[in-house]
Amino acid sequence: MDKTILILGACGQIGTELTLALRQKHGGAHIIASDIREHTDNLSISGPFELLDATNYEAIEDVVMHYEVDEIYLMAAMLSATAEKFPSRAWNLNMNSLLNVLNLAKENKIEKVFWPSSIGVFGPNTPKQNTPQHCIMEPSTVYGISKQAGERWCAYYHQKFGVDVRSVRYPGLISWKTLPGGGTTDYAVDIYHKALEKGNYSCFLREDTRLPMMYMEDAIRATLELMESDRGKLTVRSSYNLAGMSFTPAEIAQSIREHLPDFTISYTPDFRQEIADSWPESIDDSQARADWGWMPEFDLQKTTSEMLAGLGK
Ligand code: AKB
């Protein structure tokens, strides 16, 4: 029998594409999309949708019981830039939603959990290049602190209660199908929209700010591959480092100019520069490669071609 999966935060940047990918794989009826905001048409046409607040334990439990849910993907979160503006709301959402889902698994109401961590878990004292799986972290943002605490909770629930929780540290994610909201890496999506609409872009980061990034197709595949891996192969129960590519605003602008030669970019760094400066430039994901065979497929050139072609439609 097909397993039943609940996605919390299904209307967000990752949640939307993840829901559609899971429905393509398992059929729509068993993949329950949910979010605190109203759904878009493509999420309600292809399968069930529930209005659901991820910080409300009883409400999630009701949906889990009603649909006999086996797995939860918890994609609801407040990202780095917005979390700096609303620290206690960010902490409430990012922490309580995770504890709700971990407790449902602890009570044996669900079998498996996916929860996303982020490169935001690292901080200014972390080695910047090829950042190892295990190293000094010390995040300096509200978002990073919540992700680090979340990782510790995941490892704790796995160790103490045998909860099968799996996680990756997503880099900045790039997609033409869905928009990010409130992150420090959002410029790497916005730049393609503005390149096509106006031919120029004003970037909120300095031209030499190198950050780890990934094309959404790779990120969705990584998520599904990790969730389908044999339990016994997984050696990391906090969160796996995951790498795709790394580039600077100047380099992404150059890759756009290869398709749109007249494209121009200017730089007006704002408060997000400090966040970006505290994050790694590149990530060592050898543990994910060794444990569950992770291998990225998209580099900057391929990403730019896909983005401009997709948005051009
Ligand atoms: C953000 O910029 O906050 C996110 C992330 C890297 O987790 N995209």
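At what angle do helix 7 and helix 9 pack? To find out, select residues 187–197, which form helix 7, together with residues 249–257, which form helix 9. In this predicted model, the two helices pack at an angle of about 30°, and their axes are 11 Å apart. Their crossing is right-handed.

Next, display the side chains where these helices meet. On helix 7, select Tyr187, Ala188, Ile191, Tyr192 and Ala195; on helix 9, select Pro249, Ile252, Ala253, Ser255 and Ile256, which are the residues they meet. Sorted by class, this contact consists of nine nonpolar residues and one polar residue, with no charged residues.

Now move to the ligand. Select Leu79, Ser80, Ser118, Ile119, Tyr143, Gly183, Thr184, Thr185 and Trp279, which surround the ligand.

- Ser80: a polar atom of the side chain lies 2.6 Å from an oxygen atom of the ligand.
- Ser118: an N or O atom of the side chain is 2.7 Å from an oxygen atom of the ligand.
- Thr184: here a polar backbone atom is 2.7 Å from an oxygen atom of the ligand.

How much of the ligand does the protein bury? The ligand taken alone exposes 250 Å², and the protein buries 93% of that area.

Finally, select Pro296, which is located in the loop between helix 11 (286–292) and helix 12 (300–312). With neighbours within four places in sequence left aside, Pro296 is in contact with Asp218, Arg221, Ala243, Gly244 and Arg289.

Key: Residues are numbered from 1 along each chain as its sequence is written. This is a predicted model: local features need pLDDT of at least 70, side-chain atom pairs count only at pLDDT 80 or more; totals for chains, interfaces and linings use all residues. Side-chain values use heavy atoms; hydrogens and water are left out. Axes are lines fitted to C-alpha atoms, for helices over the stretch in contact, and angles run from 0 to 180 degrees between N-to-C directions. Helices (H or I, at least four residues) and strands (E, at least two) are DSSP runs, numbered from the N terminus. A crossing is left-handed if the near helix is turned anticlockwise from the far one by less than a right angle, and right-handed if clockwise. Contact means heavy atoms within 4.5 Å. Ala, Val, Leu, Ile, Met, Phe, Trp, Tyr, Cys and Pro count as nonpolar, Asp, Glu, Lys and Arg as charged, and the others, Gly among them, as polar. A residue is near a molecule or strand if one of its heavy atoms lies within 4 Å of it. A polar contact is a pair of N or O atoms within 3.5 Å; within protein, one must be able to donate a hydrogen and the other to accept it, and residues adjacent in sequence count only if both atoms are side-chain atoms. Accessible areas come from the Shrake-Rupley method with a 1.4 Å probe; for residues, only the protein chains shown count as cover.
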